[in-house]
Amino acid sequence: LTSERCEVKLNAERQDKRIAHWQQVAISACEQAGRARVPTIEAIQSLEEYVSSAISAKSTEELKLVLHHRADQQLDEYETPKSVRLLIGPEGGLSQDEILLAQKHGYAPCTLGKRVFRTETAPVATLAVMQWLWGDFNA
């Protein structure tokens with residue numbers, strides 16, 4: 001995703017190469033973890049395109065969360081969802097306007113506590129807590 005604080009700017013050829021690389025990383029990670037379903041790495045898009053595309057027939061069963069350290073609600077305060085769509089910002093976090101945009105599209109604010117995680121570790125920490133709280137999802 002691209003956002004206000006996104007520092008990576010890639011031309012079309014470089015984007016294609018990075019997406020292919022990330023897809024191979026996903027395949028390797030799934031092989032290592034014994035996961036049968038490999039997630040698809042989508043094309044780079046703006047945050048606005050992403051949050052507005054998240055509306056689907058499945059979205060009523062999906063818990064959509066935007067992670068940021070100024071939120072009040074923690075993961076353990078949510079009911080066990082059927083699936084989760086998690087939005088985590090770049091280094092420097094999402095801007096207040098971006099958080100409001102996500103909320104406008106049904107994303108609930110969520111925090112992991114007072115600590116600010118690096119962009120690289122926030123998804124891992126969040127997924128570990130989700131796994132501990134809610135167990136495996138069907139995906």
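What share of the accessible surface of the protein chain belongs to carbon and sulfur atoms? In this predicted model, the accessible surface of the protein chain comes to about 9,600 Å², and carbon and sulfur atoms hold 50% of that area. The chain has 139 residues, of which 29% are buried.

**Fold and dimensions**
- The protein chain contains 4 helices and 3 strands.
- Read from the N terminus, the order of these elements is α-α-β-β-α-β-α.
- The protein chain is as compact as a globular protein of its length, because its radius of gyration of 15 Å is close to the 14 Å that the globule rule gives for 139 residues.
- Along the principal axes, the C-alpha atoms of the protein chain fill a box of roughly 40 × 35 × 35 Å.

**Contacts along the chain**
- Among contacts in the protein chain with a separation of 6 or more, 70% are between residues 24 or more positions apart.

**Charge**
- The side chains of the protein chain include 16 positive and 19 negative ones.
- The centres of the positive and negative sets lie 2 Å apart.

**Thr-126**
- Thr-126 belongs to helix α4, which covers residues 122-134.
- Thr-126 counts as buried because its relative accessibility is 1%, where the cut-off for buried is under 20%.
- Beyond its neighbours within four places in sequence, Thr-126 is in contact with Leu-67, Leu-75, Leu-86, Ile-88 and Leu-112.

Notes:
Residues are numbered from 1 along each chain as its sequence is written. This is a predicted model: local features need pLDDT of at least 70, side-chain atom pairs count only at pLDDT 80 or more; totals for chains, interfaces and linings use all residues. Side-chain values use heavy atoms; hydrogens and water are left out. Helices (H or I, at least four residues) and strands (E, at least two) are DSSP runs, numbered from the N terminus. The radius of gyration is taken over C-alpha atoms; the globule rule is 2.2 Å times the number of residues to the power 0.38. Buried means under 20% relative accessible area, exposed over 50%, partly exposed in between (1.4 Å probe, protein chains only). Contact means heavy atoms within 4.5 Å. Accessible areas come from the Shrake-Rupley method with a 1.4 Å probe; for residues, only the protein chains shown count as cover. Lys and Arg count as positive and Asp and Glu as negative; His and the chain ends are not counted. The place of a charge is taken as NZ of Lys, CZ of Arg, CG of Asp or CD of Glu.
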